Amino acid sequence: MAQALLGMELADLREVLGADQPGFRARQLYDALYRGRAADVSSITTLPRELKERLAAAHSVGLPQAAARYDSNDGTRRYLLGLDDGRTVETVLMPEGERYTVCISSQVGCPVNCRFCLTALMGLERNLTAGEIVGQVLFVLRDNSLHADVNTLNIVMMGQGEPLLNLDEVLKATRILTDKDGVGFAERRITVSTSGILPKIEELGRAAVRPKLAISLNASTEEQRRELMPITKKYHLADLIAMCRRYPLRSWEKLTFEYVLLAGVNDTDADARRVAKMLANIDCKVNLIALNPGPGIPYGTPTAERVSSFQAIVRRSVPCFVRKPRGRDVYAACGQLKRMESAGLVKIG
Ligand code: SAH
Ligand code: SF4
């Protein structure tokens, strides 16, 4: 199988081109891949033909292939993208006025067994490479004629997978996505969300270039979280909160806590009071997400009144917002990514 160029940093490309090439060639190639979003080696106009032929003999660009696109009636687009080994991964584009958010996956499936999440039912198929993570962004930007230096774009690593269980590739992808000579995203425009893998949160905090951190809280007590997110048996809620208190935030950064509300399970006023108390002295905000239902998920969605009441209580202590569900009709919403076929299929590519 041809080796993918996407995911390579400048030093990697220099090595691929070989010592006989002048130094600026690697830069030209880097520029064509990440700024020019080239789809294949032969279309890179800055490189001499002979070099392109040599390169193409053993390498491909490695952009994912479009398998399907599902357009929601709220403007959200869910993409099913084909990878080199025939597996597929999901990526979602959410327009909101002039702003766009690209939700990308970090793994095919997920090994963390959260009870309310459809992706959990897949188990882990495999980690994505840095090139496959970056490739999702480039693919969606190309397909929608968006540019990081023209449009207001955010990336959230909240698709399939637990990003911190694939931290090396996630960090490499982040370096490529934030390189101002490359894709050109600002660090503050990328957010990574985790179910709470403690040693990896610590490692993330030490990285020189890193996304903002969001924590999926989803429960107000240790016991409740163990029930909903069994990973809590290994990484306790109390330790997670302690780690959040000492996490090295940058001057412009706040932690985000996400809280999926499950009707009658973790959405009572008493839960809200416990959450408010737990987060009181942390520089953070809370995003509430009413459960997005799915087949095989044994929970219900709370009413809008319940959500508002929960929000009002948490707000007494920290900023708290309600996330609008996006693309539920095409299974593009949080926790619904499971390679689902559904209405609204638009063939592309
Ligand atoms: N694995 C990471 C990132 C992907 S999940 C994590 O868990 O943080 C992204 C968000 O979707 C998480 O906050 C998760 O709690 C939420 N989520 C999962 N299933 C959901 C569902 N059925 N409805 C609403 N949100 C859900
Ligand atoms: Fe994995 Fe996140 Fe879903 Fe939990 S909520 S199963 S960590 S994708």
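Leaving aside its neighbours within four places in sequence, Leu141 is in contact (heavy atoms within 4.5 Å) with Arg37, Val102, Leu146, Leu153 and Phe185. The model is predicted, with local features needing pLDDT of at least 70 and side-chain atom pairs counting only at pLDDT 80 or more, whereas totals for chains, interfaces and linings use all residues. Side-chain values use heavy atoms, with hydrogens and water left out. Leu141 is found in helix 4 (residues 130-143), where helices are DSSP runs of H or I with at least four residues, numbered from the N terminus. Leu141 counts as buried because its relative accessibility is 1%, the cut-off being under 20% relative accessible area with a 1.4 Å probe and protein chains only. The C-alpha atoms of Leu141 and Leu153, which are twelve residues apart along the chain, are separated by 9.5 Å.

The axes of helix 5 (residues 167-178) and helix 6 (residues 198-206), which are lines fitted to C-alpha atoms over the stretch in contact, with angles running from 0 to 180 degrees between N-to-C directions, come within 11 Å and cross at roughly 25°. Helix 5 is therefore roughly parallel to helix 6, a term for angles under 35 degrees. In this pair, Leu167, Asp168 and Leu171 of helix 5 meet Lys200, Glu203 and Leu204 of helix 6.

Ligand 2 is surrounded by Cys110, Val112, Cys114, Cys117, Ala120, Gly161, Glu162 and Ser195, a residue being included if one of its heavy atoms lies within 4 Å.

Terms used
Residues numbered from 1 in each chain as written. Chains lettered and ligands numbered in written order. Helix = DSSP H or I, 4+ residues; strand = E, 2+ residues; numbered from the N terminus. Parallel < 35°, antiparallel > 145°, perpendicular 65-115°, else oblique. Buried < 20%, exposed > 50% of the residue type's maximum accessible area, 1.4 Å probe, protein only.
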